[in-house]
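Open your viewer and get ready to select residues by number. We will go from stop to stop, and at each one you will hear what to pick and what is there.

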Amino acid sequence: MSEPKISVIVPVYNCEKYIERCMDSLINQTLADIEIIVIDDESKDTTFEILKEYEKKDKRIKLMTKKNSGVSSSRNKGMEIATGKYIAFVDGDDWIDLDCLEKMYEVAEKNQTDITICSYTREFKDHSKPKNINLKEDKVYEDEDLKILHRKLVGPIKEEFSQPESLDSLGTVWGKLYNRELLIKSDNKFIDLKEIGTAEDTLFNFMVFKNIKKLSFIDKCFYHYWKENEYSITTKYNPNIFEQWKNLFKYMENFIKENNLDENFLEALNNRICIGVLGIGLNQCKKENEINTINRVKNLKQVLNDSQMRKAYSNLELKYFPVHWKIFYCFNKYRMALPSYIMLKIMSILRKKI
């Protein structure tokens, strides 16, 4: 039996509200020669039962469950099982256009690229919003252009500060088609979120991009990213996020040094550390955080006074930021926690409306 064209890896956990939408988008793909590897992370709801019904109906589905250990181990297990020429990742609460895999496969084959990327749409309960990931329309990236993309996975430099909220838009593991041979040769794994907090896909891509020769970008939003899942790791309050992100920064720093990457990568990492205050602060603003405002501000102050953070901010150039971001990061640079928190609180409200 020949290998399928694409292996789709779907990590799921408590997705009973969304899993049918996801699975229907996969089993009805215009590219039929695929396998669908679904890894259930010991869901507590009816997700696994729903998936068993899909498995009965479609022989392309490979369903397995494992002891609850997070999305990183689920994706790692999926890569071990995959047999396709290419690998795609789709989260269980998201979905893709019915011609997504066919279009991405055609581009990957035509350009013989190691990774093929498409844009995505952020989906809310009452509206949709396409995400601009700042790549040029339908372009093949090689050589110096590809090196710049690799560095952007770490962080922005200079004029790229215009959209600090889009720091990891390029780093998502979904919305991409990977040549499986590339992943086998790279031998990189997803790091457990308990260790690094978030951005496990950005870290994975940062390590994988080191080994690629050619990348294709398709300026179409084939992927739909659902923003309203209460079980998503990105929606929950995480009291340990700063210490976990320090581990993330260390992984990136070690990789930069071990692979003799140039000084732009270290500058980008410095800037990532500074911009990280946005995510740390928004985490403090989440309603699940039961401490009062005074203690939230104290926690933010403690982050801003951290020696690594102070060192990073001492090297941060504010001149490239738009005015509103310049004000926010100026507050952080001079460790003014209260006005910084007020701006964060306003941002957390606006993010739910736009």
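This is a predicted model: local features need pLDDT of at least 70, side-chain atom pairs count only at pLDDT 80 or more; totals for chains, interfaces and linings use all residues.

Residues are numbered from 1 along each chain as its sequence is written, and side-chain values use heavy atoms, with hydrogens and water left out.

**Stop 1: two tryptophans**

Select Trp95 and Trp226. Their rings form a tilted aromatic pair, 6.4 Å centre to centre with 50 degrees between the planes. Rings of Phe, Tyr and Trp (its six-membered ring) pair if their centres lie within 6.5 Å; planes under 30 degrees apart are stacked, over 60 edge-to-face, and the rest tilted. Trp95 belongs to strand β5 (residues 95–96) and Trp226 to strand β10 (residues 214–226), so this pair ties together parts that are 131 residues apart in sequence. Helices (H or I, at least four residues) and strands (E, at least two) are DSSP runs, numbered from the N terminus.

Are these two residues buried or exposed? Both Trp95 and Trp226 are buried. Buried means under 20% relative accessible area, exposed means over 50%, and partly exposed is in between (1.4 Å probe, protein chains only).

For another example, select Lys57, which lies over the face of Tyr54 at 4.6 Å from the ring centre.

**Stop 2: an aromatic cluster**

How many aromatic pairs does the structure hold? There are 18. Select Phe161, Phe321, Trp325, Phe328 and Tyr329, which form one aromatic cluster. Within it, look at Trp325 and Phe328: their ring centres are 6.0 Å apart and their planes are at 75 degrees, so the pair is edge-to-face. Both sit in helix α13 (residues 323–333), three residues apart, about one turn of the helix. Trp325 and Phe328 are both buried.

**Stop 3: two crossing helices**

Two packed helices are described by the angle between their axes and the distance between the axes. Select helix α10 (residues 263–285) and helix α12 (residues 307–314), whose axes come within 9 Å and cross at roughly 115 degrees. Axes here are lines fitted to C-alpha atoms, for helices over the stretch in contact, and angles run from 0 to 180 degrees between N-to-C directions. The two helices, α10 and α12, are therefore roughly perpendicular. Angles under 35 degrees count as roughly parallel, over 145 as roughly antiparallel, 65 to 115 as roughly perpendicular and the rest as oblique.

Where they meet, Asn270, Ile273, Cys274 and Val277 of α10 face Gln308, Met309, Lys311, Ala312 and Tyr313 of α12 in contact (heavy atoms within 4.5 Å). Pick out Val277, which is buried at 0% relative accessibility. Its contacts, not counting residues up to four places away in sequence, include Leu300, Phe328 and Leu344.

**Stop 4**

Most residues other than glycine have a negative phi. Asn14 is in the loop between β1 (6–12) and α1 (19–27) and is buried, with a relative accessible area of 6%.

Finish with Arg335, another non-glycine residue with a positive phi, here about 55 degrees. Arg335 is in the loop between α13 and α14 (337–350) and is partly exposed, with a relative accessible area of 26%.

Terms used:
A charge sits over a ring if NZ of Lys or CZ of Arg is within 6 Å of the ring centre and within 35 degrees of the ring normal.
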